[in-house]
Amino acid sequence: MSFQIALNFEDGITRFINAEGHETVADAAYRQGINIPLDCRDGACGTCKCKAEAGSYALGEDFIEDALSTEEISQGFVLTCQMRAESDCVLRIPASSQLCKAEQGSFQAEISDVRQLSASTIALSIKGEALSSLAFLPGQYVNLQVPGSGQSRAYSFSSLPKDGEVSFLIRNVPGGLMSSFLTSLAKAGDSMSLAGPLGSFYLRPIQRPLLLLAGGTGLAPFTAMLEKIADVGSAHPLHLIYGVTNDFDLVELDRLQALAARISNFTYSACVANPDSKYPQKGYVTQHIEPAHLNNGDVDVYLCGPPPMVEAVSQYIREQGITPANFYYEKFAAAA
Ligand SMILES: Cc1cc2nc3c(=O)[nH]c(=O)nc-3n(C[C@H](O)[C@H](O)[C@H](O)COP(=O)(O)OP(=O)(O)OC[C@H]3O[C@@H](n4cnc5c(N)ncnc54)[C@H](O)[C@@H]3O)c2cc1C
Ligand code: FES
């Protein structure tokens with residue numbers, strides 16, 4: 001039986017490999033041209049140690065405590081020269097993709113749909129034969145090349161891949177390179193190239209309640225995560241707070257509604273910061289975080305949006321004197 005293993009390198013690049021149940025993950029990676037750091041291959045040196053963030057696996061029996069201690073096992077560490085996958089897995093490799101000769105994936109696709117959802121927000125879908133082999137973890141992003149410019153911009157996937165098609169939710173930054181291309185030139189059928197997937201902001205196994213905090217188009221990775229959760233379910237409650245600046249920034253509410261209908265323990269609210277807003281819930285995301293959402297710290301917080309919003313929310317959570325069990329964030333920083 002074959003399983004899909006996501007290898008997340010320390011430079012943010014992710015590569016997916018297939019591992020047969022009978023082979024070690026290091027052998028599977030090597031077979032597919034990726035050299036995970038290895039030395040003894042015998043469970044003695046610990047060089048191939050990685051953190052398993054998701055999935056089930058057999059650790060192997062031929063390793064010594066010096067290479068992998070009981071405490072490390074309890075923290076999810078594995079030796080890839082010994083480990084055999086028993087399901088799809090996600091591994092963090094403590095080395096760069098370059099060192100492991102794992103080149104970033106690059107793909108050619110074409111625009112299947114580009115639409116302004118509002119003055120400030122663009123929905124983009126791209127599709128193509130090549131995308132049928134594109135795999136990513138929900139929450140990750142790619143670098144999309146702006147046609148004709150030689151420059152790229154980072155965008156989080158807002159959907160899971162389906163029939164070779166993926167989608168994005170993009171803020172229309174006045175005068176911005178990608179924004180101008182998408183609002184004035186782009187049309188269905190135009191070619192676009194993308195490189196990735198990338199990033200460490202992705203959905204981990206759900207082991208406690210989740211609080212999801214989105215600012216503006218920072219909603220994108222959450223719709224991808226929620227699509228995944230709708231497929232697999234969640235034993236724990238999930239709450240999303242989606243904050244924007246102006247009424248016209250508020251998009252995809254019907255999609256959130258549809259996701260809430262599919263995920264029984266998912267709730268969400270939205271708020272608009274502009275005091276002149278006609279939306280019933282006003283203010284910043286932080287004004288809508290209730291103590292129950294933070295669950296005395298037994299919560300995994302995921303936060304995504306423009307850098308000032310991410311900083312303000314991070315600071316707010318620190319000020320509550322609560323340290324979430326896990327805190328993951330992505331800043332939609334502008335390209336240098
Ligand atoms: C990991 C990652 C994931 C991202 N995912 C998304 C996503 O899913 N959706 C999305 O909309 N964006 C996302 N971004 C931001 C995105 O990559 C671009 O920076 C943004 O779309 C602007 O690109 P542009 O070419 O239109 O503007 P640019 O030509 O890059 O910028 C034009 C001018 O506007 C300024 N500017 C750029 N962005 C902003 C902003 N947000 N607010 C105010 N001024 C700005 C720039 O400093 C520059 O002066 C992500 C960024 C990162 C790092
Ligand atoms: S390579 Fe030495 S323990 Fe795996």
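Here are two exercises on this predicted model, each with a worked solution.

**Exercise 1.** Work out in which order the 6 strands of the open sheet are arranged, and which strands stand at its edges.

*Solution.* 
- Start with the order: the open sheet runs β11-β10-β13-β8-β9-β12, with antiparallel pairing.
- Now look at the ends. β11 (151–156) and β12 (165–171) each have a single partner strand, so one side of each is left without a neighbour in the sheet.
- Zoom in on one pair. β8 (residues 105–118) and β9 (residues 121–127) run antiparallel and are joined by 7 bridges. In this pairing, E110 sits opposite K127 in β9.
- As for the record, an unreviewed UniProt entry annotates residues 104–204 as "domain: FAD-binding FR-type". That span is 9% helix and 48% strand.

**Exercise 2.** Decide how helices α4 and α5 are oriented to each other, and find which residues make the contact.

*Solution.* 
- Take the axes: those of α4 (residues 220–232) and α5 (residues 253–262) come within 9 Å and cross at roughly 25°.
- Angles under 35 degrees count as roughly parallel, so α4 is roughly parallel to α5.
- For handedness, α4 passes α5 in a left-handed crossing.
- Then list the contact: α4 gives T223, L226, E227, A230 and D231, while α5 gives R255, L256, L259 and R262.
- Sort these by class and you get 4 nonpolar, 1 polar and 4 charged residues.

Technical notes: Residues numbered from 1 in each chain as written. Chains lettered and ligands numbered in written order. Predicted model: local features only at pLDDT ≥ 70, side-chain atom pairs only at ≥ 80, totals over all residues. Heavy atoms only, no water. UniProt positions renumbered as here; feature names shortened; annotations may be inferred. Helix = DSSP H or I, 4+ residues; strand = E, 2+ residues; numbered from the N terminus. Pairing = 2+ DSSP bridges. Axes fitted to C-alpha atoms, helices over the stretch in contact; angles between N-to-C directions. Parallel < 35°, antiparallel > 145°, perpendicular 65-115°, else oblique. Left-handed = near helix turned anticlockwise from the far one by under 90°. Contact = heavy atoms within 4.5 Å. Nonpolar A, V, L, I, M, F, W, Y, C, P; charged D, E, K, R; others polar.
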